[in-house]
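Let us work through this chain by question and answer. Have the sequence and the 3D view open as you read.

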Amino acid sequence: MKKSILSVLSIAVLTFTSCTDEGGSTLESESGVITSNADIVPTDLHGVVEGNITLESDVDYLLTGSLLVKEGYTLTIEPGTTIKVEAGRTDTYVAIEQGAKINAEGTIEKPITFTSNAAEPKAGDWGGIVLAGKTQTNAGSSVQSEVAGLNYGKSAADANAADNSGVLTYVIAEYTGAKINGDAEFNGFSFYTVGTGTTINNLVVKYGADDGVEFFGSTVNVDNILCVNIADDMFDFTGGYTGTITNAFGVREADFDLATEDPRGIEGDSNSSDTAATPVSAPTFDGVTILNLNEDVALKAGAEIRRGTTATINKAAFIASGTASFGSLIDTSDDSGNGSVTITDAYKMGDVGSNKVGGTITGDVVEETDLYNKSTVKTDRGADFSVFSWTGYSL
């Protein structure tokens with residue numbers, strides 16, 4: 001995702017005052033204050049949450065604008081709740097600011113779903129889900145998020161690595177990634193300096209117009225992420241992310257042609273202006289599969305680790321099926337600073353390119369011919385796809 005300080009400041013104003021629909025008309029913000037469930041209008045869900053509220057599973061909701069949860073309050077979403085989102089606007093998103101919480105605790109039998117209300121939904125129909133916490137970022141002690149206008153980051157003295165922004169588990173986000181301008185787009189899930197006290201697992205992003213999941217700083221650990229048909233990077237991090245991502249599976253299907261100029265499996269940055277800025281991005285991926293089935297869209301890299309980042313990737317599978325391809329396998333070269341990666345128990349199949357070395361790559365990737373075959377992937381190579389059976393999604 002691109003960054004611009006000037007554009008970020010502009011976005012902050014736009015986020016809270018107006019937005020533009022696909023036809024170019026201006027939609028004035030009508031966000032009211034929500035202090036209790038009595039203030040919720042299910043068919044016109046939006047506003048500034050200044051109370052503890054619950055979205056109930058037996059109610060049909062339509063998100064028509066931003067839903068911003070203020071510090072000190074909690075948004076609870078019951079298991080099995082479906083929230084449809086009005087398509088074609090750039091201000092439809094859920095945002096949890098520093099000191100606020102979300103309690104979206106779905107289950108295998110009753111996941112929580114965010115999806116477009118369009119008759120023919122598509123990637124980019126709405127924004128996404130944004131959390132801001134109180135850990136450090138190497139971008140500064142108080143920074144404004146690229147989307148949703150949230151403050152994030154704390155100084156070393158004030159930061160809390162174990163900060164708790166709540167729970168996101170068994171949550172599906174479809175058709176995300178609304179584009180605000182050339183410098184700012186939503187991701188499926190955006191985590192801004194979110195701490196380890198936050199519980200995040202079993203997330204699905206399907207049809208995203210920008211990144212699937214992105215971390216800006218943050219210490220939070222995440223288990224079981226499935227990204228399907230993501231136009232840009234499936235898994236992205238920057239700004240000093242130091243958590244562990246366990247069991248991450250990303251796939252571009254054969255007929256999903258929407259793409260940025262440089263889609264990747266993993267994109268990892270630390271700080272492009274100062275590669276030594278602390279905290280340095282140093283995440284661990286423990287079980288990751290990047291699968292490209294599309295012969296018309298090559299992934300720029302299986303993993304691009306750059307700009308001071310030091311990453312560890314354990315148990316990985318990089319797969320291009322048939323005539324699908326990657327430009328590079330592992331890339332650690334960048335004009336703004338190289339990266340380094342240690343990779344273990346890693347495998348590759350198909351036309352996945354060669355390593356592009358600028359920094360260091362420690363470890364080998366073993367070639368095999370049967371990692372993927374007719375919708376079946378090996379569960380002992382890379383991520384375990386069977387973990388996502390609850391979604392009903394099949395390759």
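Predicted model: local features only at pLDDT ≥ 70, side-chain atom pairs only at ≥ 80, totals over all residues.

Q: Is E71 buried, exposed or partly exposed?
A: Buried means under 20% relative accessible area, exposed over 50%, and partly exposed in between (1.4 Å probe, protein chains only). E71 has 49% relative accessibility, so this residue counts as partly exposed.

Q: What kind of model is this?
A: Residues are numbered from 1 along each chain as its sequence is written, and side-chain values use heavy atoms, leaving out hydrogens and water.

Q: Over which residues is the pLDDT below 50?
A: The chain averages a pLDDT of 92. 92% of the residues score at least 70. The stretch below 50 covers residues 2-30.

Q: With which residue does E71 form a salt bridge?
A: A salt bridge is a side-chain nitrogen of Lys or Arg within 4 Å of a carboxyl oxygen of Asp or Glu. For E71, the closest N and O atoms of the pair are 4.0 Å apart, and the partner is K134.

Q: How many residues apart are E71 and K134?
A: Strands here are DSSP runs (E, at least two residues), numbered from the N terminus. E71 sits in the loop between β6 (61-69) and β7 (74-77), and K134 in the loop between β12 (129-132) and β13 (143-144). The pair links distant parts of the chain, 63 residues apart.

Q: Are R307 and D269 buried or exposed?
A: These two form a salt bridge, with the closest N and O atoms 3.7 Å apart. R307 lies in the loop between β26 (299-305) and β27 (310-320), and D269 in the loop between β24 (264-268) and β25 (284-292), so the bridge ties together parts 38 residues apart in sequence. Both residues are buried.

Q: What is the relative accessibility of E304?
A: The side chains of E304 and R306 meet in a salt bridge at 3.2 Å, N to O. Salt bridges that share partners join D233, D262, R264, E267, D269, K300, E304, R306, R307 and D334 into one network. R306 is buried, at 8%. E304 is buried too, at 2%.

Q: How many residues are in the largest nonpolar core?
A: A nonpolar core is a set of buried Ala, Val, Leu, Ile, Met, Phe, Trp, Tyr and Cys residues joined through side-chain atoms within 4.5 Å. In the largest one, F189, F191 and I266 have the most contacts inside it. The largest share, 5 residues, comes from β27. The core has 68 residues.

Q: The side chain of T137 reaches the backbone oxygen of which residue?
A: T137 lies in the loop between β12 and β13 and counts as buried at 5% relative accessibility. Its side chain reaches the backbone nitrogen of A139 at 3.1 Å. At 3.0 Å, the side chain of T137 reaches the backbone oxygen of G239.

Q: Which residues form the covered face of strand β10?
A: In a regular strand the side chains alternate between the two faces of the sheet. In β10 (residues 101-105), the uncovered face holds K101, N103 and E105. The covered face holds I102 and A104.

Note on methods:
Helix = DSSP H or I, 4+ residues; strand = E, 2+ residues; numbered from the N terminus. pLDDT = per-residue confidence, 0-100. Contact = heavy atoms within 4.5 Å. Polar contact = N/O pair within 3.5 Å; in protein donor to acceptor, adjacent residues only side chain to side chain.
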